[in-house]
Amino acid sequence: GHAGLASARYCHFTSPIRRWPDVIAHRALLAGLGLDDAAPLAHELADMGIASSETERAAAKIERGADDICLAFLLERHLHEQPGDDCPPSFRGEIVGLISKGAFIRFGDEGFEGMLPVRRLDGWWDLDEHEVALVHAQSGKQLRLGDPIDVTVGGIEAARGRVDLERA
């Protein structure tokens with residue numbers, strides 16, 4: 001069903017068909033119309049769904065990794081082409097992710113991303129119970145998701161897609 005269309009029966013697939021679930025839906029529609037008999041059997045659908053979801057997650061992980069590598073090489077080139085003194089440029093960024101080891105920061109017009117490790121911050125920081133803030137153990141100061149933060153690039157491992165940041 002589709003609540004927005006007030007339809008009791010609804011099936012959607014993309015065009016061009018690029019995903020296995022789309023192929024399955026398309027084949028089922030053709031079989032339902034009596035135009036083809038290539039539709040999988042109902043008892044096969046659960047296993048197909050699991051396999052398809054796993055494959056899609058694996059492909060998304062590879063895609064994110066490739067994006068990270070490309071952006072790291074682009075950042076390396078961007079920094080190399082910057083005129084000026086030996087002082088690394090600072091960037092205004094935003095905290096977009098948190099783990100106990102640090103904060104992920106998106107910065108620059110190109111959407112670069114890097115990690116600001118807690119080891120590069122003063123004192124001891126802990127991830128809060130909701131995983132939305134790093135909290136300084138002594139002062140209670142917080143670095144929260146969405147907070148603006150100024151950073152500099154501490155190091156780049158472009159081939160691995162890694163960018164290490166420092167607080168500006």
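A residue is called buried when its relative accessible area is under 20%, exposed when over 50%, and partly exposed in between. Keep that in mind as you explore this predicted model.

**Exercise 1.** Find Thr152 and decide: is Thr152 buried or exposed?

*Solution.* Start with the location: Thr152 sits in strand β7, which covers residues 148-157. Next, take its relative accessibility of 10%. The limit for buried is under 20%, so Thr152 counts as buried. Finally, look at its surroundings. Beyond the neighbours within four places in sequence, Thr152 touches Pro88, Pro89 and Ser90, as well as Asp164, Leu165, Glu166 and Ala168.

**Exercise 2.** Work out how helix α1 and helix α2 are arranged.

*Solution.* Two packed helices are described by the angle between their axes and the distance between the axes. Here, α1 spans residues 20-32 and α2 spans residues 45-81. Their angle is about 150 degrees, and their axes lie 10 Å apart. Angles over 145 degrees count as roughly antiparallel, so α1 is roughly antiparallel to α2. To see where they meet, look for Trp20, Pro21 and Ile24 in α1 against Leu45, Met48 and Ser52 in α2.

**Exercise 3.** Classify Arg57 and Ile99 by their accessibility.

*Solution.* Arg57 belongs to helix α2. Its relative accessible area is 55%, so Arg57 is exposed. Along the chain, Arg57 is 15 residues from Ala72, and their C-alpha atoms are 23 Å apart. Now turn to Ile99, in strand β1 (residues 90-99). At 34% relative accessibility, Ile99 counts as partly exposed. Together with Val96 and Phe104, Ile99 makes a nonpolar surface patch of about 200 Å².

Technical notes. Residues are numbered from 1 along each chain as its sequence is written. This is a predicted model: local features need pLDDT of at least 70, side-chain atom pairs count only at pLDDT 80 or more; totals for chains, interfaces and linings use all residues. Side-chain values use heavy atoms; hydrogens and water are left out. Patches are made of residues with over 30% relative accessible area and no salt bridge: like charges are joined within 9 Å, nonpolar side chains (Val, Leu, Ile, Met, Phe, Trp, Tyr) within 5 Å. Accessible areas come from the Shrake-Rupley method with a 1.4 Å probe; for residues, only the protein chains shown count as cover. A salt bridge is a side-chain nitrogen of Lys or Arg within 4 Å of a carboxyl oxygen of Asp or Glu. Helices (H or I, at least four residues) and strands (E, at least two) are DSSP runs, numbered from the N terminus. Buried means under 20% relative accessible area, exposed over 50%, partly exposed in between (1.4 Å probe, protein chains only). Axes are lines fitted to C-alpha atoms, for helices over the stretch in contact, and angles run from 0 to 180 degrees between N-to-C directions. Angles under 35 degrees count as roughly parallel, over 145 as roughly antiparallel, 65 to 115 as roughly perpendicular and the rest as oblique. Contact means heavy atoms within 4.5 Å.
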